[in-house]
Structure formats: structure tokens, C-alpha cells
Amino acid sequence: MEQRRLLWELQEVEQEKNKKEQDLQKIPSVLQYREKYKKVDLAEKKLQQKGEELSAERKAQRLKEMDVAKISTLLEEFNSKLYNGKIGNAKELESMEKKVSSLGKDKEFREDEIIVHMETIENLESEINHLQKQLKEEKETLQKLKMHARRDRQSVQDELEKLSRDGEELAAKIDEGLLKKYRELSKRLGGGRCVSPVQNGFCGICNVSLPSSFLARLRTPGQLVYCENCSSLLILEE
Ligand SMILES: [Zn+2]
């Protein structure tokens with residue numbers, strides 16, 4: 001095959017490879033997997049936080065139950081003193097009655113608080129239960145997405161490897177000097193296409209009309225002709 005034609009094929013393979021490399025960064029299933037991963041991570045953190053809230057509530061409830069138990073013991077003690085008739089002093093009796101009344105209120109107050117804790121605990125338990133079910137489903141979806149993402153990624157990587165091999169095979173057939181010129185030109189033109197197939201007398205890249213003298217020179221083997229407008233290396237379409 002003609003050298004310039006091989007160069008054009010190499011360019012097309014390399015362009016395709018660049019495109020695939022970009023595709024690799026935005027495979028839909030991989031993006032979906034990353035999105036879901038973040039969601040699962042957030043859900044796990046939320047569940048952990050709710051678990052901590054639940055144990056704090058349980059601890060607070062236990063402490064208040066212990067308080068109530070202590071108050072109850074005291075109340076029993078005071079009540080028995082009040083009613084066993086051993087306190088004769090009216091002032092002392094009055095003071096004891098006050099103590100009993102105040103302790104009773106204290107006890108009631110703590111019992112109300114315990115009820116609030118119990119309600120909070122019940123709500124947290126049901127929320128945690130719901131979150132756990134949700135997280136289980138999310139994790140199953142995540143697992144499926146992971147498999148899809150791996151498969152899709154592998155398939156793009158396989159294509160990339162094939163394009164690399166094709167490119168290497170083509171490059172091996174091209175004169176070193178010509179290949180070097182192509183690399184330099186491609187670099188100067190920002191990595192885009194720089195080998196332009198002439199179509200009906202027009203440059204295939206910038207579409208400018210080429211003088212007929214160019215076409216004659218193009219037919220001479222080994223002659224390198226560049227587009228005066230976009231600097232691409234021109235080749236004849238076979
Ligand atoms: Zn051009």
C-alpha cells in the first residue's frame with residue numbers, strides 16, 4: 001500500500017483510539033456505579049448515625065429508670081416514717097410531707113421523660129429498620145451495577161488494545177522519516193487530523209479548493225504536498 005495511504009489509516013486508527021480513551025472516562029454504567037456507590041455510602045453513614053442516636057436514647061432511658069428506682073425507695077422510706085407514728089413533732093411532720101410531695105413530683109417528671117424516650121426509641125427503631133431494608137436493596141443494585149461497569153469498561157479497554165496493536169502494525173510499515181513528519185505535524189495542529197484525503201479537488205479537512213498543479217504533484221510517488229490553508233498533508237483518495 002502507498003505510504004501516504006498507510007499514514008492516513010494510522011491517523012484514523014489513532015483518532016479512534018483518542019475517542020475511545022475519552023469514552024473510557026464516561027462509560028454510562030461506570031458513572032451510574034459511582035453515583036450509586038456514593039448513595040450507599042451516605043445511607044451507611046446515616047444508618048450508623050441513627051444507631052448511635054438509638055444507643056444514646058437507651059442509655060438516657062436507663063439512667064432515668066435508675067433515678068426513678070432510687071426516688072421510689074426514698075419515698076417508701078419517708079412514707080413509712082410519716083405513717084408509723086414515730087414523728088411527733090408537727091414541724092418535722094410538715095417538712096417530711098413536703099419532701100414526699102416534692103419527691104413525688106420529681107418521680108412523675110422523670111416518668112414522663114421516660115415515656116418520651118420510649119417513643120423516640122420506637123421511632124428510631126422503625127426508621128433504622130426501614131433504612132436497613134433500603135440499604136440492602138441499594139447494595140444489591142450496586143453489585144449489579146458493578147458487574148455491568150466492569151464488563152463495559154473491559155470491553156472498551158479491549159477495543160483500545162486492539163486499536164493500539166493496529167496502530168503499531170501500521171506504524172511499522174511506514175518510513176521512519178514520514179512517520180516523524182506526521183507526528184510533528186499532528187502535534188503542531190493540536191493532535192487533530194493532519195492527513196487530508198483530497199476529495200474532488202478539495203482539501204478533505206478544511207474544504208479549500210486545491211490548484212490543479214497540486215493534484216499533479218500528488219500523483220508523483222513519494223512527493224509530499226501540504227494544503228496551503230490548513231497545513232495538512234494531502235493524499236489522493238484511491
Ligand atoms: Zn486544508
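Which ring does the charged end of arginine 217 sit over? The close-ups below take that one first. This is a predicted model, where local features need pLDDT of at least 70 and side-chain atom pairs count only at pLDDT 80 or more, while totals for chains, interfaces and linings use all residues. Residues are numbered from 1 along each chain as its sequence is written, and side-chain values use heavy atoms, with hydrogens and water left out.

**View 1. Arginine 217 over phenylalanine 214.** The ring in question belongs to phenylalanine 214, and the charged end of arginine 217 is 5.4 Å from its centre. To count as sitting over a ring, NZ of Lys or CZ of Arg has to be within 6 Å of the ring centre and within 35 degrees of the ring normal.

**View 2. The aromatic pair, tyrosine 33 and tyrosine 37.** The pairing rule takes rings of Phe, Tyr and Trp (its six-membered ring) with centres within 6.5 Å; planes under 30 degrees apart are stacked, over 60 edge-to-face, and the rest tilted. The count by this rule is 1 aromatic pair. Here the ring centres of tyrosine 33 and tyrosine 37 are 6.1 Å apart with planes at 50°, so the pair is tilted. Both residues belong to helix H2 (residues 28-83), 4 residues apart, or about one turn of the helix. Helices (H or I, at least four residues) and strands (E, at least two) are DSSP runs, numbered from the N terminus. Tyrosine 33 is buried at 19% relative accessibility, while tyrosine 37 is partly exposed at 46%. Buried is under 20% relative accessible area, exposed over 50%, and partly exposed in between (1.4 Å probe, protein chains only).

**View 3. Helix H1 packing on helix H4.** Helix H1 (residues 3-24) and helix H4 (residues 176-188) have axes 11 Å apart, at an angle of about 40°. That makes H1 oblique to H4; angles under 35 degrees are roughly parallel, over 145 roughly antiparallel, 65 to 115 roughly perpendicular, and the rest oblique. The axes are lines fitted to C-alpha atoms, for helices over the stretch in contact, with angles from 0 to 180 degrees between N-to-C directions. H1 and H4 make a right-handed crossing: left-handed means the near helix is turned anticlockwise from the far one by less than a right angle, right-handed clockwise. Residues of H1 at this meeting include Leu7 and Leu10, and those of H4 include Leu178 and Tyr182.

**View 4. H1 alongside H3.** What angle do H1 and H3 pack at? About 160°, with axes 9 Å apart, and H1 and H3 are therefore roughly antiparallel. The crossing of H1 past H3 is left-handed. Among the residues that meet are Leu6, Leu10 and Val13 in H1, and Val156, Leu160 and Leu163 in H3.

**View 5. Glutamate 138 in helix H3 (residues 90-173).** Is glutamate 138 buried or exposed? At 16% relative accessibility, glutamate 138 is buried. Leaving aside neighbours within four places in sequence, glutamate 138 is in contact (heavy atoms within 4.5 Å) with Lys36, Lys39 and Val40.

**View 6. Two asparagines in the loop between S1 and H5.** Most residues other than glycine have a negative phi. Asparagine 200 has a positive phi near 50°, and asparagine 207 has a positive phi near 70°. Asparagine 200 is exposed at 78% relative accessible area; asparagine 207 is exposed too, at 57%.
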